[in-house]
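Please look over the sequence and the structure before reading the points below.

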Amino acid sequence: MQLQHHPYSSLPSLPSRTVSLFLYISCLMAAIAQIDSRPKLTSVKALAERPGLSSIPSLYTFPRHPNEEVFSDTKESIPILDFSLLTSTDPHERSKAIQELAKACQDWGFFMVTNHGVPESMMKGITAACREFFELTEEEKAEFEGKHVLDPIRYGTSVNASIDKVLCWRDYLKVFQHPEFHSPNKPPSFREISLEYGKRVRKVARDILRGISESLGLEENYIEKALNLENGFQLLTANLYPPCPQPELAMGFLAHSDHGLLTLLIENEIRGLQVHHNGKWVNIDPIPNSFLANIGDHVEILSNGKYQSVLHRAVVNTRDVRISIAMQHAPAWDAVVSPASKLVGDEGNLPAFRAMEYKEYLELNQSSVLDRKSCLERVRNRVI
């Protein structure tokens with residue numbers, strides 16, 4: 001074989017297979033070098049604080065689709081659940097609250113929770129502690145960078161920066177709270193407040209899930225027992241959305257539904273969350289000292305589609321730092337989630353989803369590019 005026109009023509013004549021292998025290795029090494037030469041991703045906070053930043057890098061620019069920009073400041077109010085009535089010892093009050101919960105789950109998939117008993121001082125305390133974390137130096141926060149969805153403490157940017165084609169204007173901290181409690185060691189205030197806050201919020205979530213179970217015509221403790229909520233997974237996700245010089249081009253968080261059963265969210269009174277309702281994006285205004293609750297993919301699976309997880313997203317602004325803290329409550333990792341047997345059976349009501357272990361679903365969700373409800377669609381049974 002002649003190598004007269006090849007840059008390696010000075011090499012002695014080699015068998016064709018050897019040359020092909022040599023060229024393959026050379027190209028592979030060049031590709032690796034090119035990957036290694038890419039700049040390391042910085043946090044959005046560090047990027048936003050660069051002096052004189054007037055435009056965002058192209059890596060943060062999302063293509064706009066007309067149907068994605070249809071939004072509404074509807075006068076229709078998001079449902080409000082009075083938690084004190086849901087947990088009332090008065091059967092009439094509790095029954096009425098469960099009916100309202102059922103309607104909220106069917107009509108919106110989102111609802112505000114008031115009179116929940118978690119002290120306002122505790123809600124402000126966890127918000128302050130999360131903000132303190134994001135105020136740490138880049139080097140300090142880098143100590144908590146995680147690579148896998150099952151890392152108990154994981155700091156990062158965007159959604160899944162290793163596979164995201166366009167990056168979200170968002171930094172995050174994710175911390176496992178239950179069944180094993182974890183906490184970053186910085187800032188010092190984080191451990192104590194997150195431990196107590198997690199316990200109080202978990203109790204609220206368990207009571208709401210009992211109400212959801214009853215509203216589906218199941219036993220009050222059906223979800224609790226079937227999915228082993230005593231060892232259920234609880235995840236704290238703190239989100240930081242810094243001011244953005246071109247908010248019309250960026251996105252804080254792409255449209256998605258939540259995995260798990262129930263998310264309870266608080267925020268620092270800065271508007272930014274939008275919920276997809278009746279074909280339009282609706283701006284949700286935070287109510288002080290309340291939780292914004294939404295049902296997750298695994299309630300949709302368990303209810304066989306009667307209740308559906310709902311798309312939501314976060315937008316950004318030019319002036320204010322928005323912080324949100326979501327507490328997700330999910331089945332135990334080894335719990336197998338499938339439609340409740342009482343909700344399926346006849347020909348017109350076949351199982352809409354296949355059974356899957358929750359941990360497997362979580363890993364499936366992590367390995368995919370965030371695309372609305374794409375993960376849930378992968379476990380949906382198809383009619384042939």
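**Salt bridges and a helix face**

Lys 199 counts as partly exposed because its relative accessibility is 43%. The model is predicted. Lys 199 forms a salt bridge with Glu 196, with 3.9 Å between the closest N and O atoms.

Within helix H7
- Glu 196 and Lys 199 both belong to helix H7 and are three residues apart, about one turn of the helix.
- Glu 196 is partly exposed, at a relative accessible area of 36%.

Other salt bridges
- The count of salt bridges comes to 20.
- Arg 94 and Glu 214 form a salt bridge whose closest N and O atoms are 2.3 Å apart.
- Because Glu 214 is in helix H7 (residues 190-215) and Arg 94 in helix H4 (residues 91-107), this pair ties together parts 120 residues apart in sequence.
- Arg 94 is buried, at 16% relative accessible area, while Glu 214 is partly exposed at 29%.
- Glu 377 and Arg 380 meet through their side chains in a salt bridge of 3.0 Å, N to O.
- Glu 377 is partly exposed at 28% relative accessibility, and Arg 380 is partly exposed at 24%.
- One network, joined by salt bridges that share partners, holds Lys 203, Arg 206, Asp 207, Arg 210, Glu 224 and Glu 230.

Helix H5
- The 15 residues of H5 (residues 120-134) should span 21 Å at 1.5 Å a residue, which agrees with the 22 Å between its end C-alpha atoms.
- The buried residues of H5 include Met 122, Ile 126, Cys 130 and Phe 133.
- Seen down the helix axis, the buried residues of H5 fall within an arc of 160°, so they line one face.
- Ser 121 and Lys 124 are exposed on the face of H5 turned away from the buried side.

Conventions
Residues are numbered from 1 along each chain as its sequence is written. This is a predicted model: local features need pLDDT of at least 70, side-chain atom pairs count only at pLDDT 80 or more; totals for chains, interfaces and linings use all residues. Side-chain values use heavy atoms; hydrogens and water are left out. Helices (H or I, at least four residues) and strands (E, at least two) are DSSP runs, numbered from the N terminus. The expected span of a helix is 1.5 Å times one less than its number of residues. Buried means under 20% relative accessible area, exposed over 50%, partly exposed in between (1.4 Å probe, protein chains only). The arc is that of the directions from the helix axis to the C-beta atoms. A salt bridge is a side-chain nitrogen of Lys or Arg within 4 Å of a carboxyl oxygen of Asp or Glu.
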